[in-house]
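Here is a protein chain to read residue by residue. Look it over before going through the questions.

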Amino acid sequence: TTNDGHISEATPGSAICAIQKGALRYVDEWVDYNLAVGFEKIYIYDNSDNFELQDWHKMRSDNHVQVIHFPGEKKQLLA
């Protein structure tokens, strides 16, 4: 953040990490936005039991995005 509390653009070499479950329809938009603001690497932990992002990641074939299957209970809190 900047001195006045605003979020500044990501600096070179910045990465972002997130966990998702049941939000497949929003992932493209979320990834595109975060790459556009300057993040160079995105790590997404897929908390679904069936690895719902596996096919999405293969179709996207983006070397800026890494998807890790991370199934199980009590990993992601309800929004």
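The questions below go from the overall fold to single residues of this predicted model.

Q: What share of the contacts in the protein chain with a separation of 6 or more comes from residues 24 or more positions apart?
A: Contact here means heavy atoms within 4.5 Å. Among contacts in the protein chain with a separation of 6 or more, the share from residues 24 or more positions apart is 60%.

Q: How far apart are the end C-alpha atoms of helix α1, and what span should its residues give?
A: Helix α1 covers residues 24-36, which is 13 residues. At 1.5 Å a residue they should span 18 Å. That agrees with the distance between the end C-alpha atoms, 19 Å.

Q: Why do the buried residues of α1 lie on the same side?
A: Val27, Val31 and Asn34 are buried in α1. They sit on the same side of α1 because the arc they cover around the axis is only 75°.

Q: Which exposed residues does the face of α1 turned away from its buried side carry?
A: The buried side is covered by elements that include β1 (15-20), β2 (41-46), α2 (53-60) and β3 (65-69). The face turned away carries exposed residues, and exposed means over 50% relative accessible area. These residues are Arg25, Glu29, Tyr33 and Ala36.

Q: Which residue with a positive phi follows α1?
A: The phi of this residue is near 120°. The residue that follows α1 is Gly38.

Q: Within what arc do the buried residues of α2 fall?
A: Leu53, Trp56 and Arg60 are the buried residues in α2. Seen down the axis, they line one face of the helix, since they fall within an arc of 60°.

Q: Which residues are exposed on the other side of α2?
A: The buried residues of α2 pack against β1, α1, β2 and β3. On the other side, the exposed residues are Asp55, Lys58 and Met59.

Q: Is Phe51 buried or exposed?
A: Phe51 is in the loop between β2 and α2. Its phi is near 55°, a positive value in a residue other than glycine. The cut-off for buried is under 20% relative accessible area. At 19% relative accessibility, Phe51 counts as buried.

Q: How far apart in space are Phe51 and Ile68, C-alpha to C-alpha?
A: Not counting residues up to four places away in sequence, Phe51 touches Asp46, Val67 and His69. Phe51 and Ile68 are 17 residues apart in sequence. In space, C-alpha to C-alpha, they are apart by 8.8 Å.

Q: Is Ser61 buried or exposed?
A: Ser61 lies in the loop between α2 and β3. Ser61 also has a positive phi, near 40°, in a residue other than glycine. With a relative accessible area of 62%, Ser61 is exposed.

Q: Is the ring pair of Tyr45 and Phe70 stacked or edge-to-face?
A: The count comes to one aromatic pair. Its ring centres are 5.6 Å apart. Planes over 60 degrees apart count as edge-to-face. The planes of Tyr45 and Phe70 stand at 75°, so the pair is edge-to-face.

Q: How many residues apart are Tyr45 and Phe70?
A: Tyr45 is partly exposed at 28% relative accessible area, and Phe70 is partly exposed at 35%. The pair links distant parts of the chain, with Tyr45 in strand β2 and Phe70 in the segment after β3. Their separation in residues is 25.

Notes: Residues numbered from 1 in each chain as written. Predicted model: local features only at pLDDT ≥ 70, side-chain atom pairs only at ≥ 80, totals over all residues. Heavy atoms only, no water. Helix = DSSP H or I, 4+ residues; strand = E, 2+ residues; numbered from the N terminus. Expected span 1.5 Å × (residues − 1). Buried < 20%, exposed > 50% of the residue type's maximum accessible area, 1.4 Å probe, protein only. Arc of directions from axis to C-beta. Phe/Tyr/Trp six-rings, centres within 6.5 Å; stacked < 30°, edge-to-face > 60°.
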